[in-house]
Amino acid sequence: MNLDLREYSVRTDLAVEAKEMAETAHGGPVQGLNEEVTEQDGIKITRLDITDDAASRQIGKVKGHYITIEVPGLRNQDTELQEKVAAAFAKEFTAFLNKIGVGSHAKTLVVGLGNWNVTPDALGPLVVENVLVTRHYFELAPDQVAPGYRQVSAVAPGVLGVTGIESSEVVQGIVDRTRPDLIIAIDALASRSLERVNTTIQIADIGIHPGSGIGNKRRGLTQEILGIPCIAIGVPTVCYASTIVNNVFDLMKSHFNQEAGEGKQAQTKQIMGLLTELSENERLGLVKEVLDPLGHDLIVTPKEIDEFIEDVANVIASGLNISLHEAVTPENVASYTH
């Protein structure tokens, strides 16, 4: 059975998911990737370096450094766990800055991308609300700034549909006027896995493209465009309906196999037909082929998104405050966060 489903390729903004799909498609590890995985206290951290063009093409991600922090327990709204995640994020982010050669006194502009009126897209603006901004103190009263702080400014430029101006154009104007040394851009992403929605944070040194979480491709915030390092921080807050349908097929297959018992997989094949013979990517492509023309491949977010988005925004803001300012520690960070 030959299906050409390239037009309906699976979309994900997470490098770890792109790597997993590439390994499944090629039947083994992708050459040109360096991966390190650690796990402690329910926090899984994957450090992935894409080092050559061939690997970049295979997984469909730009060459660079990626860190993924996965914490399924974030769904439980555990305050103690959130504090641990913020501290782990700060540690990883500090090491990330050192790895790409950003100094401890680099002037930083934090950009919160997204639409604050749409909850799944409000991550960036919510983080900006809780970031400790200090540039005005350095500008107006530099002799009164205590040691342990760096110049940090922040902006939430809105979205093209509201302002009529590309976010990158707004940021370019700010960069030209204020001359920061580093941009940190925060945006909502899309995942192919329901388990990773609202429980995963990705850090990357490749910049970011506003609207990428819903498939928009526009002028991005990258070092090539803006002339300074651009670090992207993203959290998947949505996934596609086709992903959910595809996951349901897997659950059905597992359920039927369990109900039928050992040696009765033929009954599962009889119930599900040719779907059991398709690979995951082929099946997902087929689902998208059916849903797309009908306009039914909706972008879906959990019903608890209001609590999730505030929690993960606070985690990121706390982690950034600890990482960017030596005077802020995991013990006192709460006093700097709303």
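1. Let me start with proline 157, which sits in the loop between strand S5 (152-155) and helix H6 (160-163). Helices (H or I, at least four residues) and strands (E, at least two) are DSSP runs, numbered from the N terminus. With a relative accessible area of 9%, proline 157 is buried, a word used here for under 20% relative accessible area, with exposed meaning over 50% and partly exposed the range in between (1.4 Å probe, protein chains only).

2. A word on the ground rules: this is a predicted model, where local features need pLDDT of at least 70 and side-chain atom pairs count only at pLDDT 80 or more, while totals for chains, interfaces and linings use all residues. Residues are numbered from 1 along each chain as its sequence is written, and side-chain values use heavy atoms, with hydrogens and water left out.

3. Back to proline 157 and its surroundings. Leaving aside residues up to four places away in sequence, proline 157 touches Val111, Gly112, Leu113, Thr163, Ser167 and Val170; contact means heavy atoms within 4.5 Å.

4. Of its 338 residues, 48% are buried. Among contacts with a separation of 6 or more, 72% join residues 24 or more positions apart.

5. Aspartate 41 is not a glycine, yet has a positive phi of about 55°; its loop runs between strand S1 (33-40) and strand S2 (43-50). Aspartate 41 counts as exposed because its relative accessibility is 52%. Glutamine 77, also not a glycine, has a positive phi of about 55° and is found in the loop between strand S3 (64-70) and helix H3 (79-99). At 41% relative accessibility, glutamine 77 counts as partly exposed.

6. Helix H12 (residues 305-324) supplies the largest share of the patch, three residues. Glutamate 129 belongs to helix H4 (residues 123-130) and, at 49% relative accessibility, counts as partly exposed.
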